[in-house]
Amino acid sequence: MSALSTDRPASTTRGLPAPLLVGGAFALSTVANIAFQLGDMLFTDKDPHRPEGPIASIVSIAVVGVAALAIALAAGLPLAPHPARARVGAIVLGALSLVTVPLFWSGAPAVLGAAAAWLAGLARGGHPQPGAARAFGIIGFVVAILGVVAVFAGAISGLIG
């Protein structure tokens, strides 16, 4: 009797592909929040130059959101092909997604969480990681979803209130 052995675990067949997961998190958090701020400028009579108004918000959202995307891609692209390195990357990016939760308005936690999920093998075509890497990937995925929900909830509450 012979056992089939492989160096890499089976790849994930369900879920979103990694570019759609990370790019979607960026679009649904950072880009959407910038669009909501532009809508505030275009469709309300409020002063766009007010303190913490749309102009200041667009600048801070763009800077922090793009920085988070750059960190996620700079860490994720070289680490993803190597399972041992991807494991460490998933843990680091998952921890960063938790640390950046106070910056939810920028989309940073969503992007970093999605990248952690990607490196943990939760994206389609990924190789599932065991242990702490998988846990941080799941945490990152949850943070990504909650970050997107927070951006849309904030925009809706701004319209209502």
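**Note on the pockets of this structure**

1. Sorted by class, the residues that line the second largest pocket comprise 10 nonpolar and 1 polar, with no charged residues among them. Please keep in mind while reading that the model is predicted, and that the volume of this second largest pocket, about 170 Å³, is a computed value.

2. The lining of the second largest pocket can be followed residue by residue in the structure: Leu16, Leu20, Leu21, Gly24, Ala25 and Leu28 belong to it, together with Ala114, Phe141, Ala144, Ile145 and Val148. Two elements, H1 and H5, each give two or more residues to this lining, and the largest share, 5 residues, comes from H1.

3. Turning to the largest pocket, the space inside it comes to about 530 Å³. A total of 22 residues line the largest pocket, and those lying nearest its centre are Phe36, Gln37, Gly154, Ala155 and Gly158.

4. Which helices each supply at least two residues of the lining of the largest pocket? They are helix H1, which covers 18–43, helix H2, which covers 54–79, and helix H5, which covers 131–160. Of the elements, H1 gives the most to this lining, with 7 residues.

Notes. Residues are numbered from 1 along each chain as its sequence is written. This is a predicted model: local features need pLDDT of at least 70, side-chain atom pairs count only at pLDDT 80 or more; totals for chains, interfaces and linings use all residues. Side-chain values use heavy atoms; hydrogens and water are left out. On a 1 Å grid over the protein atoms alone, a cavity is a set of points where a 1.4 Å probe fits but cannot get out, and a pocket is an open set with protein on both sides within 12 Å along at least five of seven lines; lining residues have an atom within 4 Å of a point. Grid points are joined across faces, edges and corners, and a volume is the space filled by probe spheres set on the points. Helices (H or I, at least four residues) and strands (E, at least two) are DSSP runs, numbered from the N terminus. Ala, Val, Leu, Ile, Met, Phe, Trp, Tyr, Cys and Pro count as nonpolar, Asp, Glu, Lys and Arg as charged, and the others, Gly among them, as polar.
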